[in-house]
Amino acid sequence: MTGTLTNYLFHQMKIGDRASLVRHVGPKDIELFAAVSGDANPAHLDAGFAAHGPFGHVVVHGMWTAALISAVLGTRLPGPGTIYLDQQIRFNKPVSPGDTITAEVEVAELIEGKNRVRLTTTARNQRGEVVLSGEALVLAPVEQVTWVPGDLPEAVVLPKGRWQGFVEEARALPPVRAAVVHPCSKSAILGAIEVRDEGLLDPILIGPGAKIRAAAAEAGVSLDGFRIEETEHSHAAAARAVELAACGNVQVLVKGSLHSDELLAAVVSKSGGLRTERRISHVYAMDVPAYRKPVIVTDAAINIAPTLEHKRDICQNAVDLMRLLGRDQPKVAVLAAVETVNATMPATLDAAALTVMAARGQITGALVDGPLAFDNAISPEAVATKGIVSQVAGEADILLVPDLEAGNMLAKQLIYFAGATAAGLVLGARVPIVLTSRADPLSARIASAALAKMVAVRKAEGKA
């Protein structure tokens, strides 16, 4: 809200005085009003439901329109300091998304001795049709006020967590046995309980039994129902977990309180039995509220300075995961600082090579394009401004970063600055590996376990 607000005292008003304001209403206004008020009536939010209603389409909450009357009274006439006492409302016509509403009040009566004012209240759409009518009773302000309001906070409608559907799908899949490796901290024990209670994984706890039980005591939880595989230390726990996975006794590995390098060294060991022809890589499967769909950032945790061949595997691992999640031909943006090939910038050369490799079938099941700067990868507006012609630009499902440092910074900026939920998973081995941090919220841990379960089940079904 801009401009100076000046109120009117009782003696300054006369019959017939008017004030108004104009607002455009769109789908986001409806969603925001529903979120603030809790009014989730599907007549306002669900086009399919509303199609069978009396109007045949979604309509705006009636009280959204009524709120405009309150805004006129509080900011225009009588203005700041007004006390709302009574309101009679008649909803004459539905308000539809896309309408422009003019809310108006007019002084109808001045009640001497009580400092009260009765006003007619009306709202009209852009066609001049009355959509709301009624009458308000207010207590006029008692002090003259001239006020310059500050900027109102920006209201942003964020979508519900996009991983929820995947979590529900994972719950419905057959049980999957998981090895939780060295769960010797409070957070690791609680994580094992969370994924069990969510119906996602059936955990085996592998590590020193005394330390595991001490961690459970610290967390104040019972280990009843858990199988514990005793090992002497974390290194032995990693080796035992890999052994169980190689034998098919567990289908998922979950990092506990040991260091990531220790677990992954056992996974890629030549004698461990979990290596494949692919290089292992890490994906952050991210739900970024400001982006219109899930997106994968890779690799942000394992491959420090990947070669071109490494990047091919990193890309294919992410593509296979995205296809498993239902994206038949995911779009991979190979990131660099610029969108043109520059011989002095190796990331652009790798990006161009990966694009050609995809075209020649060395990367399958995806559209790959690069180099693309970050803005050109995810913003259609940036793509249009720069005149980039690409099936991937502005629509990326996968962001393939130049190196670990770039990926780690990008992923954590999205988590901490943009409120993203990030499910961390290691791919490329014979079983998926859940790699989460102690700092991860419950939503991220649950999403990670859900994705791991889906990968494990699809592998068993021969679909991944």
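1. Glutamate 277 sits in the loop that runs between helix 9 and strand 12 (281-287). The model is a predicted one. With a relative accessible area of 71%, glutamate 277 is exposed, because the cut-off for that class is over 50%. Glutamate 277 and glutamate 194 are 83 residues apart in sequence, and their C-alpha atoms are 33 Å apart in space.

2. The domain assignment of the protein lists domain 1 (5-144), domain 2 (160-275) and domain 3 (279-428). Taken over C-alpha atoms, the centres of domain 1 and domain 3 are separated by 48 Å.

3. The largest nonpolar core has 59 residues, and within it Leu201, Val252 and Val332 touch the most other members. Helix 15 (residues 442-460) gives the most to this core, contributing ten residues. At least three residues of this core come from each of domain 2 (160-275) and domain 3 (279-428). There is also a second, separate core of 30 residues, and among them are Ile101, Leu119, Ala123 and Val138.

4. Neighbours within four places in sequence aside, leucine 201 is in contact with Val176, Ala178, Val195, Arg196, Val252, Val254, Ala449 and Lys453. One of these contacts, Val252, is listed with Leu201 and Val332 as touching the most other members of the largest nonpolar core.

5. Next, the pair formed by helix 8 and helix 9. Helix 8 (residues 234-246) packs against helix 9 (residues 260-268) at an angle of about 40°, and their axes are 9 Å apart. Angles under 35 degrees would count as roughly parallel and 65 to 115 as roughly perpendicular, so helix 8 and helix 9 are oblique to each other. The crossing of helix 8 and helix 9 is right-handed. On the helix 8 side the residues are Ser234, His235, Ala238, Ala239 and Val242, and they meet Glu262, Leu263, Ala266 and Val267 in helix 9.

6. Serine 234 belongs to helix 8. Is serine 234 buried or exposed? Its relative accessibility is 17%, and serine 234 therefore counts as buried, the limit being under 20%. Setting aside neighbours within four places in sequence, serine 234 is in contact with His182, Leu258 and Glu262.

7. Helix 6 (residues 186-197) and helix 7 (residues 209-219) pack at an angle of about 85°, with 8 Å between their axes. Helix 6 is therefore roughly perpendicular to helix 7, since that class covers 65 to 115 degrees. Helix 6 supplies Lys186, Ile189 and Leu190 to the contact, while helix 7 supplies Ile212, Ala215, Ala216, Glu218 and Ala219.

8. Helix 10 (residues 308-324) packs with helix 11 (residues 346-359) at an angle of about 55°, their axes being 10 Å apart. Helix 10 and helix 11 are therefore oblique to each other, and their crossing is right-handed. The contact involves Leu308, Glu309, Lys311 and Arg312 of helix 10, together with Asp350, Ala353, Leu354 and Met357 of helix 11.

9. Glutamine 164 is in helix 5 (residues 164-171). A relative accessible area of 40% makes glutamine 164 partly exposed. Glutamine 164 and alanine 450 are 286 residues apart along the chain, with their C-alpha atoms separated by 9.5 Å.

Key: Residues numbered from 1 in each chain as written. Predicted model: local features only at pLDDT ≥ 70, side-chain atom pairs only at ≥ 80, totals over all residues. Heavy atoms only, no water. Core = buried A, V, L, I, M, F, W, Y, C linked by side-chain atoms within 4.5 Å. Buried < 20%, exposed > 50% of the residue type's maximum accessible area, 1.4 Å probe, protein only. Helix = DSSP H or I, 4+ residues; strand = E, 2+ residues; numbered from the N terminus. Domains from an automatic or database assignment. Contact = heavy atoms within 4.5 Å. Axes fitted to C-alpha atoms, helices over the stretch in contact; angles between N-to-C directions. Parallel < 35°, antiparallel > 145°, perpendicular 65-115°, else oblique. Left-handed = near helix turned anticlockwise from the far one by under 90°.
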